[in-house]
Amino acid sequence: MLPLPGSPSSSWAMFRARLSAVFAGADVRVCTAFWLFGLINNVLYVIILSAALDLVGPEVPKAIVLLADNIPSFVIKLCAPYFIHLVPYSYRTVLFAAISSWGMLLIALAPPYTDGGTITTKMAGVVLASLSSGAGELSFLGLTHYYGPFSQAAWGSGTGAAGLIGAGYYSITTTTIGLSVKSSLLASSILPLVMVMGFFLILPRGPLRNTASSQHHDDDLEYEEGNADVPDREDRGLLADPLERSTTSIKSSNPTINSIPWQTRFLHNFRRSRGLIYPYILPLMLVYFAEYLINQSVAPTLLFPLNKTPFTEYRSFYPTYATIYQLGVFTSRSSLPFIRVPYLYTMGSLQCLNLALLIFQALYMIFPSIYINFALIFWVGVLGGLVYVNAYANVADDMPEEEREFALGAVSVSDSAGIMLSGLVGVVGGVEEGLCAWQVGRGKDWCRKL
């Protein structure tokens with residue numbers, strides 16, 4: 001831990017020494033590469049959400065964009081951990097970059113709704129970007145297994161920076177600089193090239209070359225001469241399951257991993273994932289459900305009269321909230337080397353409290369200043385980022401080494417599941433429309449002026 005300001009050990013020299021100790025053993029190239037992976041893999045996702053209002057118009061719920069940006073990601077994260085290890089990381093990186101750029105080009109080049117264009121082509125582009133982002137997240141999280149804890153910390157910080165840079169980029173280019181939505185989105189379509197450069201030019205490849213491909217996800221299924229480890233299988237931790245008894249018999253009868261039917265291997269991996277649900281997946285789902293319901297369905301209705309805000313038009317509220325939220329996410333996702341907060345369910349409960357407070361704010365305007373809204377939105381981002389980085393850090397700490405790569409990828413489904421659920425509640429439950437109608441019925445028609 002770093003010294004507290006004012007304490008006897010808080011001299012500048014002591015601070016530098018302790019800061020250096022925190023990062024002792026960190027490889028600059030590894031940290032840079034994974035920071036870029038986190039940044040680029042997530043930045044287009046954030047830009048799409050920040051542009052939600054401009055993509056679909058004020059009459060369509062922004063949760064529609066949220067669903068299109070998350071259902072494909074959820075599906076790929078749910079299925080891919082069981083087969084994606086068959087594709088080398090180098091091929092994956094190039095494929096993800098190409099799909100992301102293609103998706104952004106579709107979104108940017110489709111006619112805007114103001115010119116009579118439909119949202120179908122835009123949503124197709126959003127789906128492609130979502131597929132790439134989801135597959136990229138579970139792949140790069142799995143890749144951190146080979147590069148140690150600093151790669152995971154750098155990834156988390158990069159994903160946090162993606163939120164801040166993505167939301168800030170869209171807000172600055174369209175509001176401050178005055179670029180068109182099309183130009184802003186076109187410029188962002190070249191960003192995935194940075195991810196490719198990070199993998200092939202920056203990341204040291206030694207750890208991957210030194211790892212036998214047969215160790216990917218299937219160490220526990222490999223034939224081991226003499227079955228010397230069979231008595232120890234019950235001590236392997238959270239992911240142990242009864243199927244291992246059958247795989248033991250498979251190993252003893254046939255020494256080749258390729259002889260194991262794919263159905264058996266799939267069932268084994270599926271049962272391994274069950275042990276991840278309660279300690280990691282559920283708290284991540286909870287916090288993401290609450291914060292994305294806030295972001296996409298409640299935040300568009302957190303409005304004030306313009307003369308009580310720093311804005312000149314109501315359109316500025318939404319991207320500003322998004323930028324402040326992402327600042328909170330970046331702050332907490334960069335905190336892993338300095339602080340660990342293992343209380344995942346506590347933080348999830350606090351996020352639900354934030355949701356309730358902000359719904360009451362939209363209904364009854366219980367806070368008199370927009371700056372209180374800003375503080376709460378920042379806190380929403382902080383809680384979300386803390387749960388994200390600490391959940392994956394807990395996975396890395398708790399899982400046996402042979403289970404870790406699979407577990408990191410499998411847990412990644414949780415955030416997409418929470419976000420998808422929040423989008424469904426937002427659309428089916430009509431959260432944004434209901435809050436806006438409530439305000440209009442009481443003479444506050446600001447949500448109609450977006």
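**Reading a disulfide and a helix**

Mentor: Let's start with the cysteines: the count here comes to 1 disulfide. Keep in mind that this is a predicted model.

Trainee: Which cysteines form the disulfide, and how far apart are their sulfur atoms?

Mentor: The general idea is that a disulfide is a covalent bond between the sulfur atoms of two cysteines. In this structure, Cys436 and Cys447 form the disulfide, with 1.9 Å between their sulfur atoms. Cys436 sits in helix H20 (residues 431-441) and Cys447 in the segment after H20, so the pair ties together parts that are 11 residues apart in sequence.

Trainee: Is the disulfide right-handed or left-handed?

Mentor: Look at the torsion about the S-S bond: for Cys436 and Cys447 that torsion is about 85 degrees, so the disulfide is right-handed.

Trainee: Are Cys436 and Cys447 buried or exposed?

Mentor: Both Cys436 and Cys447 are buried. Cys79, on the other hand, counts as partly exposed at 36% relative accessibility, and Cys352 is partly exposed too, with a relative accessible area of 30%.

Trainee: Now helix H2. What span should its 23 residues have?

Mentor: Work from 1.5 Å a residue: H2 (residues 28-50) should span 33 Å, and its end C-alpha atoms are 31 Å apart, which agrees.

Trainee: Where does H2 bend?

Mentor: At Val43, by about 35 degrees.

Trainee: And which residue caps the N-terminal end of H2?

Mentor: Asp27 does: one of its side-chain oxygens lies 2.8 Å from the backbone nitrogen of Arg29.

Trainee: How many of the residues of H2 are buried?

Mentor: 18 of the 23, so H2 is largely enclosed by the rest of the structure.

Technical notes
Residues are numbered from 1 along each chain as its sequence is written. This is a predicted model: local features need pLDDT of at least 70, side-chain atom pairs count only at pLDDT 80 or more; totals for chains, interfaces and linings use all residues. Side-chain values use heavy atoms; hydrogens and water are left out. Helices (H or I, at least four residues) and strands (E, at least two) are DSSP runs, numbered from the N terminus. The expected span of a helix is 1.5 Å times one less than its number of residues. The bend at a residue is the angle between axes fitted to the seven residues ending there and the seven starting there. Buried means under 20% relative accessible area, exposed over 50%, partly exposed in between (1.4 Å probe, protein chains only). A polar contact is a pair of N or O atoms within 3.5 Å; within protein, one must be able to donate a hydrogen and the other to accept it, and residues adjacent in sequence count only if both atoms are side-chain atoms. A disulfide is a pair of cysteine sulfur atoms within 2.5 Å.
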